[in-house]
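Open the model in your viewer and colour it by chain. This tour moves along the contact between two chains, one selection at a time.

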Amino acid sequence: MNNHHLQLLRQTAEGNQTSFQKLYDFFSSKVYNTALLHLQNKEEAEEVTQDVFVEVYRAAKDFKGDAQVSTWIFRIAVNKCVDRLRYHKRKKRFAFVLSFFSGEGAVRFDTPSFDHPGLSLENKEKGRLLMQAIGQLPEAQKNVIIMALIEDRPRQEIADIMNQSLKATESTLQRAKANLRHILEEYYRAEKE
Amino acid sequence: MNNQQKWIEDVMATASQMRQADAPLFLFTRIEQAIQNKAAEVISFEKMGMALAGVLLLLSVNLWVLSNNTKNMQNNQEAVESYSAMNYNLYGS
C-alpha cells in the first residue's frame, strides 16, 4: 500500500492532478476525522483538512521517503491541529489579560460541548463527556490518546507520527489513560452530587 | 466492578464506537482553488523578483557606461594635453 501511495505522491510532485485526487480520496476522511477529534469543531476541522492537503501538494517534492506516506500526512495533520490549538490558547490568554485592563472583569472561556458526528444517538451523551475529558488532557497526552483509543492506530505508528520513541509513546499513553480516568471520576462524582 | 468503574468503562468504550465521519463534499474543489491561489502568489513573487533583477541590471549597465565615459573623457583630456604640449612646445625642450 505504501508503495502505491509513494508512487501517487511522486506523481503529485510532478503536478499530476489525478494522482493527487487519488491520494485525497484515500486520506481525506481519515485526516478530517483526526482534525475533528483534536479540534472538536467541524468548521475548523474542515479548514485544517484543506491546509493539510495544500501542504501535501506543496511539499510532495520534498518527501524523502524516510517514513510511510500515511505517517507523513498524519504528522502534518497533527502538527496543524496542535498549531491551531496553541493559537487559540494564546488568543484566550491575551483576551483574558485584556479583560482585566478593560475593567470588565475576567472573561470565562468554556469549551463548547462537541458531538462527534460518527456516534449513535444513545452514545451521544457519553461520547460528549469523553471528548470533554480528552480536551482537558495536556497536549501530548491528548494527541496520543486520540490516536490510540479512538483511531486505534498501532503504537509504532503513533510514535512515528509523534516523532518520538516507542517507549516514550507508551509512557505518555499510560499517563494519559490514568489522567483520563481521574477526570472521568470527577465527572461521575459531580453527576451524582 | 462498582458503579463508578462501570460508568467510566462505558464512557471510555464510546471511543471505539465513533464511526468515521466523511470529509465534507466539495472540499477537494476548495483545496484545488487554494493551491491555484498559492501558485498565483508564487508567480507574482517570481515576477517581482524578475522586475527587481531587471532594474538592478539596468542600474549596473548605466553605472558601467558612466564610469567608462568618465575614464574615456579623462584619457581624452590627457591625450589632448600631451598633444598640445608636444606640438606647441609649451614647456620648452
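Start with the charged pairs across the interface: chain B and chain A share three salt bridges. Keep in mind that this is a predicted model. Select E46(A) and R30(B), one salt-bridged pair. Their closest N and O atoms lie 2.4 Å apart.

Now select the whole contact. Chain A contributes 37 residues and chain B 27 residues. Together the two chains bury about 3200 Å². Of that area, 69% is on carbon and sulfur atoms. Which residues of chain B lose the most area to chain A? Show W7(B), M18(B) and F28(B). These three account for 22% of what the chain B side buries.

Next, pick two helices. Select residues 166-192 of chain A for α8(A), then residues 3-13 of chain B for α1(B). Their axes come within 10 Å of each other. How do they cross, left-handed or right-handed? The crossing of α8(A) past α1(B) is right-handed. The axes meet at roughly 120 degrees, so the pair counts as oblique.

Show side chains at this crossing. On α8(A), display L180(A), R181(A), L184(A), E185(A), Y187(A), Y188(A), R189(A) and E191(A). On α1(B), they meet N3(B), Q4(B), W7(B), I8(B), E9(B), V11(B) and M12(B).

Finish on W7(B). This residue is in the α1(B) set that meets α8(A), and it is among the three in chain B that lose the most area to chain A.

Notes: Residues are numbered from 1 along each chain as its sequence is written. Chains are lettered from A and ligands numbered from 1 in the order in which they are written. This is a predicted model: local features need pLDDT of at least 70, side-chain atom pairs count only at pLDDT 80 or more; totals for chains, interfaces and linings use all residues. Side-chain values use heavy atoms; hydrogens and water are left out. Axes are lines fitted to C-alpha atoms, for helices over the stretch in contact, and angles run from 0 to 180 degrees between N-to-C directions. Helices (H or I, at least four residues) and strands (E, at least two) are DSSP runs, numbered from the N terminus. Angles under 35 degrees count as roughly parallel, over 145 as roughly antiparallel, 65 to 115 as roughly perpendicular and the rest as oblique. A crossing is left-handed if the near helix is turned anticlockwise from the far one by less than a right angle, and right-handed if clockwise. Contact means heavy atoms within 4.5 Å. Buried area is the accessible area (1.4 Å probe) that two parts lose on being put together, summed over both. A salt bridge is a side-chain nitrogen of Lys or Arg within 4 Å of a carboxyl oxygen of Asp or Glu.
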